[in-house]
Amino acid sequence: MFVFAADPDRPKPKLYADLAQAARAVTAGEPDIVANMANCAALIWQFVPHLNWAGFYRAVGDELVLGPFIGKPACIRIPFGQGVCGTAALAREIQVVADVRAFAGHIACDPASRSELVVPVVREGAVIAVIDLDSPEPARFDADDAAGFQLLATAIRDAI
Ligand code: SME
């Protein structure tokens, strides 16, 4: 059993440092990438407030394929370059979208989503997955969230 303090009022740098540490703890010594992504999605859901979708898309060939997540059922395959996730994967750059309705090509999986953060997970120069976060709040994600999820992506890139 893993027990982690769930205090959403922590300052963001502390919250994300704790999240990365927890992710290292739950994935330590476990080679199964599906199990590790599933536990990391659960940790994100536990630690990060005001989300309606949190999880992974895996890079398979030239498209992203849905991985473990928490939220409503989502579209399964996203070609590189399409949507917020595919844009992040192709550009290898974090996407912070304050208003998904203003992002040309945004793929709506849950109509409640208003803002989105997508962070590529890069290992040995290749995008192996993206971490996708949706929020029902407009402009939910800022630079601290982007830096925090980059920290998480680096912490788990060898475990997923
Ligand atoms: N909105 C994403 C699709 C995935 S769902 O948000 C879970 C996109 O535009 O790529």
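This is a predicted model: local features need pLDDT of at least 70, side-chain atom pairs count only at pLDDT 80 or more; totals for chains, interfaces and linings use all residues.

Biologist: Which residues come nearest to the ligand?

Modeller: There are 13 residues around the ligand, and V84, C85, I107, E116 and D134 come nearest.

Biologist: What does the backbone of V84 do there?

Modeller: A polar backbone atom of V84 is 2.9 Å from an oxygen atom of the ligand.

Biologist: And how far is I107 from a nitrogen atom of the ligand?

Modeller: The distance is 2.7 Å, and on the I107 side a backbone N or O atom is involved.

Biologist: Which part of E116 lies 3.0 Å from a nitrogen atom of the ligand?

Modeller: In E116 that is an N or O atom of the side chain.

Biologist: How much of the ligand does the protein bury?

Modeller: The protein buries 100% of the 300 Å² that the ligand exposes when taken alone.

Biologist: What about the space taken by the ligand?

Modeller: That space is the largest cavity.

Biologist: Which elements give two or more residues to the shell?

Modeller: Those elements are β1 (53-60), α3 (83-91) and β6 (126-135). The most comes from α3, which gives three residues.

Biologist: Changing topic: how many aromatic pairs does the structure hold?

Modeller: The structure holds three aromatic pairs. One of them is formed by W53 and F69, and this pair is stacked, with 4.9 Å centre to centre and 15 degrees between the planes.

Biologist: Where in the chain do W53 and F69 sit?

Modeller: W53 is in strand β1 and F69 is in strand β2 (residues 63-71). The two are 16 residues apart, and the pair links distant parts of the chain.

Definitions and conventions
Residues are numbered from 1 along each chain as its sequence is written. Side-chain values use heavy atoms; hydrogens and water are left out. A residue is near a molecule or strand if one of its heavy atoms lies within 4 Å of it. A polar contact is a pair of N or O atoms within 3.5 Å; within protein, one must be able to donate a hydrogen and the other to accept it, and residues adjacent in sequence count only if both atoms are side-chain atoms. Accessible areas come from the Shrake-Rupley method with a 1.4 Å probe; for residues, only the protein chains shown count as cover. On a 1 Å grid over the protein atoms alone, a cavity is a set of points where a 1.4 Å probe fits but cannot get out, and a pocket is an open set with protein on both sides within 12 Å along at least five of seven lines; lining residues have an atom within 4 Å of a point. A molecule sits in a cavity or pocket if more than half of its atoms lie within 2 Å of its grid points. Helices (H or I, at least four residues) and strands (E, at least two) are DSSP runs, numbered from the N terminus. Rings of Phe, Tyr and Trp (its six-membered ring) pair if their centres lie within 6.5 Å; planes under 30 degrees apart count as stacked, over 60 as edge-to-face and the rest as tilted.
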